[in-house]
Amino acid sequence: KEPSIVLKGGSRINVQLPGIKDVEQAMSAIGTAAVLEFMLVDEETMKNPRDLERALLDAEKVLDSKVYLDDVLLSNHLLRQEIIPLGRKLMWEYINLAEGGKERSQYYVVTDNVILTGDDINDAQVAIDQFNQPYTSMEFKPLGASIFSQVTEENVSRRFAIVLDKEVKSAPYIREKIAGGRASI
């Protein structure tokens, strides 16, 4: 849910967080900074999903459940087993469960190279398109716009993973070079 943040004068602000009733939970939500990263999906490794899925099933059998459920440790295990190449890592998209919590939904092998971060974005907003579907509109800072333009030009037909707090939120295909410093997802 979208927070409401209003300047109250001087150095005071009023923050309303719909659905959060506990003050401690609200303070925790406000006090944590989200980390936004953009990485390319390794399409070559993702070409053979059966091999990777078999390796994931094997890992689930041999690893302690705490290790298997830790995304970084699982990715490192797959690197050591040479299932994914050096310079890559396994990351997950998650779905929220009705009873609370979340579970892994879709995996992606991404290059272990952050191309852009939230620091490269000047503004981002949620909007509704003509089909009544939500999308995110972003405006990049000048350097971020230049990098984004170059990356999209060089990687048409590849996916660009959008990662928030070490979880893949989406991995849209790059359809064409995106210049001008604005993008929609």
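K102, E167 and K169 are linked in a network of salt bridges. This is a predicted model, and the structure holds ten salt bridges. Side chains of opposite charge can pair when their charged atoms come close.

Salt bridges between distant parts of the chain

- D42 forms a salt bridge with R88, with the closest N and O atoms 2.8 Å apart; D42 sits in the loop between strand 3 and helix 2 (43–46), while R88 belongs to strand 4 (residues 88–96), 46 residues apart.
- Within this pair, D42 is buried at a relative accessible area of 7%, whereas R88 is partly exposed at 24%.
- R182 forms a salt bridge with E139, and their closest N and O atoms are 3.4 Å apart; because R182 lies in strand 11 (residues 182–184) and E139 in strand 8 (residues 134–140), the pair ties together parts that are 43 residues apart in sequence.
- R182 is exposed, with a relative accessible area of 54%, and E139 counts as partly exposed at 25%.

A salt bridge within one helix

- D51 and R54 meet through their side chains in a salt bridge (3.5 Å, N to O), and, being three residues apart in helix 3 (residues 49–62), they are separated by about one helical turn.
- D51 is partly exposed at 42% relative accessible area, and R54 is likewise partly exposed at 47%.

Strand 9 and its partners

- Strand 3 (residues 36–40) pairs with strand 9 in the antiparallel sense over five bridges, and M39 has A161 as its bridge partner.
- Strand 10 (residues 167–170) also pairs with strand 9 in the antiparallel sense, over three bridges, and I162 has S170 as its bridge partner.
- The hairpin of strand 9 and strand 10 has two residues between the strands, and D165 there takes a positive phi near 50°.

Key. Residues numbered from 1 in each chain as written. Predicted model: local features only at pLDDT ≥ 70, side-chain atom pairs only at ≥ 80, totals over all residues. Heavy atoms only, no water. Pairing = 2+ DSSP bridges. Helix = DSSP H or I, 4+ residues; strand = E, 2+ residues; numbered from the N terminus. Salt bridge = Lys/Arg side-chain N within 4 Å of Asp/Glu carboxyl O. Buried < 20%, exposed > 50% of the residue type's maximum accessible area, 1.4 Å probe, protein only.
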